[in-house]
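Have a look at the picture first, then read on.

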Amino acid sequence: MKNETYLVTGANSGMGFETARLLAARGATVIGTGRSEERLAAAGRELEGVELVRSDAASAKDIEALAARFAPKSLNGVFVNAGMATFRPFEQATLDQFDSTFALNVRGPFLLLQKLSEAIVDGGSVVINTTIANRKGFPSTSIYAASKGALRSLARVLAAEWASRGIRVNCVAPGPVDTPIYGKVGLAAGDVAELKAGWGSQVPLGRMGTSEEVARMVVFLLGEEGSFVTGAEIDVDGGVVAA
Ligand SMILES: NC(=O)c1ccc[n+]([C@@H]2O[C@H](COP(=O)([O-])OP(=O)(O)OC[C@H]3O[C@@H](n4cnc5c(N)ncnc54)[C@H](OP(=O)(O)O)[C@@H]3O)[C@@H](O)[C@H]2O)c1
């Protein structure tokens, strides 16, 4: 991936962090984003060869400024990864949660990809981080699952529209992956541990996945290995969907 440039949103943590690290290790120029200055600074100390910039993936102003950094035909690929989850039983889910989740998980990626359209090279590649929860009815995930379902549909249409430019658009759908996201879903620490243990036990492979395991699939899809894959959603879930 030498002489290639990739953008990874949400690169200061979890799957985005590991994808940025793997792309840089393969010789790519990588620009990564995040929202928290503190987490960006911490990631910057660990991520060699990755330029980290603060950009709120739900803010139209920040998205436009981010896209403006890239000249026409200068970007080989994008990992649209920044996202959030809130888990609540349907009756307790709020409109605020709905709006903030859709702003980050759907509206932001829509605007980002629209603004990057000129910057992405013909023959380039986009990978979008969805979730297996858009196809399985996990209780308490209504807003999150719906937002990622919308994202998956967006990816399918974009794959069709950009195929004439040779740009591939795919989704990676992780199952339960052990990342800091579970500390951000609005649950107490004990409940997070219980949630993670419960989800891990439902995985046929008997454990949660790691960020590295997802990053390897993302880099496969972004790069030459995935050259005939487009419009797909690849599960990286230890067998949950298949079970
Ligand atoms: N972990 C799982 O089990 C799982 C399963 C399926 C899908 N996913 C999806 O995987 C993606 C990555 O999550 P993860 O598990 O790796 O979690 P994570 O470690 O919490 O990483 C999330 C990343 O997104 C960034 N982010 C969140 N809100 C943002 C905003 N408004 N603007 C810019 N960046 C923002 C975070 O940056 P800050 O820290 O600066 O906010 C962080 O870098 C998400 O889209 C998630 O829905 C996760």
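Below is a short briefing, sorted by topic.

Keep in mind that this is a predicted model. The protein comes to 7 helices and 7 strands, and 44% of its 243 residues count as buried.

**Overall build**

- The C-alpha atoms fill a box of roughly 45 × 35 × 35 Å along the principal axes.
- A compact globule with 243 residues would have a radius of gyration near 18 Å, and the protein has 17 Å, so the two agree.
- Take the contacts with a separation of 6 or more: 73% of them come from residues 24 or more positions apart.

**Around the ligand**

- There are 30 residues around the ligand, and Gly10, Gly14, Gly83, Thr179 and Ile181 come nearest.
- Helix 1 (14–25) and strand 2 (29–34) are the elements that give two or more residues to this shell.
- Helix 1 gives the most, with 3 residues.
- Sorted by class, the shell has 12 nonpolar, 14 polar and 4 charged residues.

**A closer look at helix 1**

- Is helix 1 largely enclosed or left open by the rest of the structure? It's largely enclosed, because 11 of its 12 residues are buried.
- Among the buried ones are Gly14, Gly16, Phe17, Glu18 and Arg21.
- Its length works out too: at 1.5 Å a residue, the 12 residues of helix 1 should span 16 Å, and the end C-alpha atoms are 17 Å apart, which agrees.
- After helix 1 comes Gly27, with a positive phi near 95°.

**Two backbone angles to look up**

- As background, most residues other than glycine have a negative phi.
- Lys73 isn't a glycine, yet its phi is positive, near 55°. You'll find Lys73 in the loop between helix 3 (60–68) and strand 4 (75–80).
- Why does Lys73 count as exposed? The cut-off for exposed is 12 or fewer other C-beta atoms within 10 Å, and Lys73 has 12 C-beta neighbours inside 10 Å, so it counts as exposed.
- Ser140 isn't a glycine either, and it has a positive phi of about 75°. Look for Ser140 in the loop between strand 5 (120–129) and helix 5 (142–162).
- Ser140 has 17 other C-beta atoms within 10 Å, so it is partly exposed.

Notes:
Residues numbered from 1 in each chain as written. Predicted model: local features only at pLDDT ≥ 70, side-chain atom pairs only at ≥ 80, totals over all residues. Near = placed C-beta within 6 Å. Helix = DSSP H or I, 4+ residues; strand = E, 2+ residues; numbered from the N terminus. Nonpolar A, V, L, I, M, F, W, Y, C, P; charged D, E, K, R; others polar. Rg over C-alpha atoms; globule rule 2.2 N^0.38 Å. Buried ≥ 20, exposed ≤ 12 C-beta atoms within 10 Å, placed from the backbone. Contact = placed C-beta atoms within 7 Å. Expected span 1.5 Å × (residues − 1).
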